[in-house]
Amino acid sequence: LTFKKAIREPEHWLLSPAGMEGSLQLRSIWGYTQAPVVFKGGEAGATKRLFMSGTILSPEYLAFTLGLEDYKYIELGSDFPPAQRPLYYVPTVKMSARATPDDLDHLVWTMDEIIRTRHLGQKGIIHTVSYALRNEIMLRSRYKAFMVTHEAADRIKKLEEFRRLPDGYIMVSPSMTTGVDLPADQCRWQMIPKLPFPYLGDQMI
């Protein structure tokens with residue numbers, strides 16, 4: 001049924017190759033095309049939905065993309081005071097696909113210095129965006145013996161193992177940015193060596 005709709009309404013759907021060879025991915029370009037299906041009452045007869053996010057930059061635009069007309073937007077402050085959640089920007093190298101081995105050496109040296117001077121003996125997490133960058137960091141870091149990581153299949157298992165590790169260990173991961181809770185001493189710091197940008201070759205972008 002969905003493929004038939006995509007053929008009838010090509011302006012609302014994007015058909016593109018998926019990850020597995022020979023497979024296709026069908027995506028709705030605008031959420032409002034599926035809103036009647038997603039927001040209908042269902043078995044429980046629910047008439048209200050709650051959306052929560054830390055990155056709703058424009059509630060009006062979000063409502064438009066989801067086809068919402070009757071909605072209420074509530075913005076709440078953080079439970080953590082600013083003094084306890086500082087953000088430090090440390091420009092080091094340009095992290096593009098053209099980054100050289102020397103660039104990566106300099107990046108990891110800088111990261112190691114931040115760990116040595118600020119976070120030695122504390123558990124933390126390094127968000128790497130990709131497995132390729134994860135490998136480069138773990139290859140070069142002087143703290144590689146204290147770094148743990150995971151593959152796609154054992155992500156949850158490795159996360160639970162990391163929770164039980166003593167202070168000083170570092171999780172290096174491309175995919176622990178959402179849905180992960182590491183309170184207090186389980187994770188005292190985070191490092192983002194490269195910001196995640198959407199793939200510009202994606203037709204959806």
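Helices (H or I, at least four residues) and strands (E, at least two) are DSSP runs, numbered from the N terminus. The legends below describe a predicted model, in which local features need pLDDT of at least 70 and side-chain atom pairs count only at pLDDT 80 or more, while totals for chains, interfaces and linings use all residues. Residues are numbered from 1 along each chain as its sequence is written, and side-chain values use heavy atoms, with hydrogens and water left out.

View 1. Rings of Phe, Tyr and Trp (its six-membered ring) pair if their centres lie within 6.5 Å; planes under 30 degrees apart count as stacked, over 60 as edge-to-face and the rest as tilted. A search of the whole structure finds 2 such pairs. In one of them the ring centres of Y61 and F64 are 6.3 Å apart and the planes meet at 40 degrees, so the pair is tilted. Y61 is partly exposed at 49% relative accessibility, and F64 is partly exposed at 46%. Here buried means under 20% relative accessible area, exposed over 50%, and partly exposed in between (1.4 Å probe, protein chains only).

View 2. F146 is partly exposed at 40% relative accessibility, and Y169 is partly exposed at 22%.

**View 3. Strand 3 and its partners, strands 5 and 6.** Two strands pair if DSSP finds at least two bridges between them. Strand 3 (residues 124-127) runs parallel to strand 5 (residues 170-173), and 4 bridges join them. Strand 3 also pairs in the parallel sense with strand 6 (residues 189-191), over 3 bridges. I126 stands opposite V172 in strand 5 and has M191 as its bridge partner in strand 6. G124 and I126 point one way from strand 3, I125 and H127 point the other way, and all are buried.

**View 4. The largest nonpolar core.** A nonpolar core is a set of buried Ala, Val, Leu, Ile, Met, Phe, Trp, Tyr and Cys residues joined through side-chain atoms within 4.5 Å. The largest has 16 residues, of which I126, I137, M147 and I170 touch the most other members. Helix 4 (101-119), helix 5 (131-140), strand 5 and strand 6 each supply at least two residues, and helix 4 gives the largest share, 5 residues. A second, separate core of 7 residues includes I125, L159, M176 and L182.

**View 5. The buried face of helix 5 and R134.** The buried residues of helix 5 are L133, R134, I137 and M138. Seen down the helix axis, they fall within an arc of 130 degrees (taken from the directions from the axis to the C-beta atoms), so they line one face. The face turned away carries the exposed residues A132 and L139. R134 is buried, with a relative accessible area of 6%. Its side chain makes a polar contact with the side chain of T149 at 3.2 Å. A polar contact is a pair of N or O atoms within 3.5 Å; within protein, one must be able to donate a hydrogen and the other to accept it, and residues adjacent in sequence count only if both atoms are side-chain atoms.
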